[in-house]
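Please consult the display below before reading on.

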Amino acid sequence: MENLTMITPLKQPIVFELEGFDVAQGYSPFFFFLALLAYTVVLLGNGVVVCVIITNKSLHRPMFVMVCHLVVCDLLGATAVLPHLMMQFLVVQKRIFYIPAIIQAFCVHTYGAAVQTILGVMAYDRYIAVCEPLRYHAIMTSARLHSCCALAWFVALLLMAVLFGTHMNVPLCSQTIPHVYCSNRDILRLACVPTPVNNIYGLSMSWTLGTAIMLIMTFSYIKILQASLKRDQSNSSSRSKAFQTCGPHLAVYVLFSIAAVTIIISNRFSSVTSNLKKFFSILYIIVPPAINPIIYGLVSKDLRASIIKHFRVCHKN
């Protein structure tokens, strides 16, 4: 007879052990300060942008309202990961309880989904602004603006609620998560039984959402390009305004896509070290939230002028 090994599922309270980075002894304080610096940059950059937009009534326009939603999304992703990562470096605290682990994973995945849905709404807004400039304010009313933003968050939250709803009643048989933060797949890899429903839904949802947003972006910018080409070629100010209107949005989408694709590609090659894969996954959380405020501040003339004015007033005071 074959020997059958009975695997006993874990019982609550479950405490996971994050593998974290493999850091040489004595270097943890250095990496702690790097993580602290990254989080400080994210907080300051996004904080300045949202404060300037809120305090300056001339920026209470659809594009900048959507920028505020994108800021909230970026802060959600960074705050879900970086404080706990700093604790890993500072006091070598790699343990995390089941409920905080689920919350962290939910926030990280919501960040990834909400960035895309908000960028999709921004693409629609830019399409109306460039292709229907005379009817823009009649189409993009305050009610429609807030409805679109609410829809973007609702879709992202609903998709994640269904994804993590499949975690219910799934028995777990291991506690070690081979990552620096918790994610859906990392948690379900610890399951005692196969999880085909979550696997199929997760892949289908990711592919469908990514494809839908890419199609919205492609359609919007094809129409924007066609509208720009139909206008007077000598009107350089009109083309410059179109670039200021669409440039930041397109740059943010490209930056986020590069960060996401980098993670996917790195996970497909066994030659890539575990530390490097974890590093790329952290860049996905750090780089877009840190760079996005710079993109909008440099390219958007109105926002840049308001930020400079704000700092001049603060300096005088």
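Just after helix α2, Val 92 adopts a positive phi of about 50°. The model is a predicted one.

Q: What distance does helix α2 reach from its first C-alpha to its last?
A: Helix α2 has 30 residues. At 1.5 Å a residue, the expected reach is 44 Å. The model comes close to that expectation, with a reach of 44 Å.

Q: How many of the residues of α2 are buried?
A: A residue counts as buried when its relative accessible area is under 20%. By this criterion α2 is mostly covered, and the number of buried residues is 21 of 30.

Q: Is Thr 55 buried or exposed?
A: Thr 55 belongs to helix α1, residues 28–55. Its relative accessible area is 56%. Because exposed means over 50%, Thr 55 is exposed.

Q: Which backbone oxygen lies 2.8 Å from a polar atom of the side chain of Thr 55?
A: The backbone oxygen of Val 52 lies 3.4 Å from a polar atom of this side chain. The distance of 2.8 Å belongs to the backbone oxygen of Cys 51.

Q: Which helix has the lowest mean pLDDT among the elements of the protein chain?
A: The mean pLDDT of the protein chain is 84. Helix α5 has the highest mean among the elements, 94. The lowest, 70, belongs to helix α10.

Conventions. Residues are numbered from 1 along each chain as its sequence is written. This is a predicted model: local features need pLDDT of at least 70, side-chain atom pairs count only at pLDDT 80 or more; totals for chains, interfaces and linings use all residues. Side-chain values use heavy atoms; hydrogens and water are left out. Helices (H or I, at least four residues) and strands (E, at least two) are DSSP runs, numbered from the N terminus. Buried means under 20% relative accessible area, exposed over 50%, partly exposed in between (1.4 Å probe, protein chains only). A polar contact is a pair of N or O atoms within 3.5 Å; within protein, one must be able to donate a hydrogen and the other to accept it, and residues adjacent in sequence count only if both atoms are side-chain atoms. The expected span of a helix is 1.5 Å times one less than its number of residues. pLDDT is the predictor's confidence in each residue, from 0 to 100.
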